[in-house]
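User: I would like a close look at one part of this model, with its setting in the rest of the chain. Keep it brisk, please.

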Amino acid sequence: MTLTADLPGAPAPQPARHLGRADRLRLEVWLWRLAQAMDDYPRRAAREIRRDLRASALDEASRVGMAAALRDLGRPSRLAAAYFAQLDRPRPRWTDGAVLAFLVGAAFPVYLACAWAVGATQAVAAMGGGTVELTWLWAPVTVESTDDAMGVEFATAWQPLAVALGLGSIAFALGARIWRLWATPRP
């Protein structure tokens, strides 16, 4: 018998709860969301934080259940923001920069090229069809629209690649907030 059970008015000790697969899965999802929110946090410190939170959550869940334990920890994004606020200076968000660089430097130019190609073939068809030599971002393009065939052929050129790299670089710098590398330490 424990000491607390001997005290008058003390709550009876709760038996440890068994954690099932659903509880462990819930914890893993919560930790994954935290890892995503802390992606640009210093790696070693982030691993230690997740390890400590896992142990704390498992310990707490054995008494109150996993749902209550995770609710007490709070939302992963809010917790990650609190950890970022404790750093001595703001850190660049490399992952955000990479995602934005891909979207602006690769996906957006491909989308524009496809939209331009559709418009060019329709324009050639509206003019009566045939084969026309055009340029897209200073690169030669052959547009064909006949009764038998329709297509666009982009020639390999450095100009569209340079535009995509330029857009991607600017997007990366803005998305990563690269100026944080030179930020002064917080007091």
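At what relative accessibility does W32 stand, and does W32 count as buried or exposed?

Analyst: W32 counts as exposed, because its relative accessibility is 53%. The cut-offs are under 20% relative accessible area for buried and over 50% for exposed, with partly exposed in between (1.4 Å probe, protein chains only). This is a predicted model: local features need pLDDT of at least 70, side-chain atom pairs count only at pLDDT 80 or more, and totals for chains, interfaces and linings use all residues. Residues are numbered from 1 along each chain as its sequence is written, and side-chain values use heavy atoms, with hydrogens and water left out.

W32 belongs to helix 2, which covers residues 21-37. Helices here are DSSP runs of H or I, at least four residues, and strands are runs of E, at least two, numbered from the N terminus. P76 is 44 residues away from W32 in sequence, yet their C-alpha atoms are 8.9 Å apart in space.

Now the whole chain. Seven helices and three strands make up its elements. Their order along the sequence is α-α-α-α-α-α-β-β-β-α. Of the 187 residues, 27% are buried. Take contacts (heavy atoms within 4.5 Å). Of those between residues at least 6 apart in sequence, 60% join residues at least 24 apart.

Confidence comes next. The pLDDT, the predictor's confidence in each residue from 0 to 100, averages 87 over the chain, and 90% of the residues score at least 70. Helix 7 (residues 158-176) has the highest mean, at 94, while helix 1 (residues 3-6) has the lowest, at 48. Residues 1-5 fall below 50, and this stretch has four contacts in the model beyond near neighbours in sequence.

An unreviewed UniProt entry lists residues 98-118 and 157-179 as "transmembrane region". Its positions follow the numbering used here, feature names are shortened, and annotations may be inferred rather than shown by experiment. In the model, residues 98-118 are 100% helix and 0% strand, with end C-alpha atoms 29 Å apart. Residues 157-179 are 83% helix and 0% strand, and there the end C-alpha atoms lie 33 Å apart.

T121 is in helix 6. T121 counts as buried because its relative accessibility is 8%. Leaving out residues up to four places away in sequence, T121 touches V143, E144, S145, M150, G151 and V152. P109 also lies in helix 6. Its relative accessibility is 14%, so P109 counts as buried. A164 is 55 residues from P109 in sequence and 6.6 Å from it in space, C-alpha to C-alpha.

P109 leads on to the largest pocket. A pocket is an open set of points on a 1 Å grid over the protein atoms alone where a 1.4 Å probe fits, with protein on both sides within 12 Å along at least five of seven lines; lining residues have an atom within 4 Å of a point. The largest pocket has 16 lining residues, with P109, A113, W136, L137 and P160 nearest its centre. Helix 6 (94-126), strand 2 (139-145) and helix 7 each give two or more residues to that lining. The volume is about 270 Å³, taken as the space filled by probe spheres set on the points. By type, the lining has 16 nonpolar residues, no polar and no charged ones. Nonpolar covers Ala, Val, Leu, Ile, Met, Phe, Trp, Tyr, Cys and Pro; charged covers Asp, Glu, Lys and Arg; the others, Gly among them, are polar.
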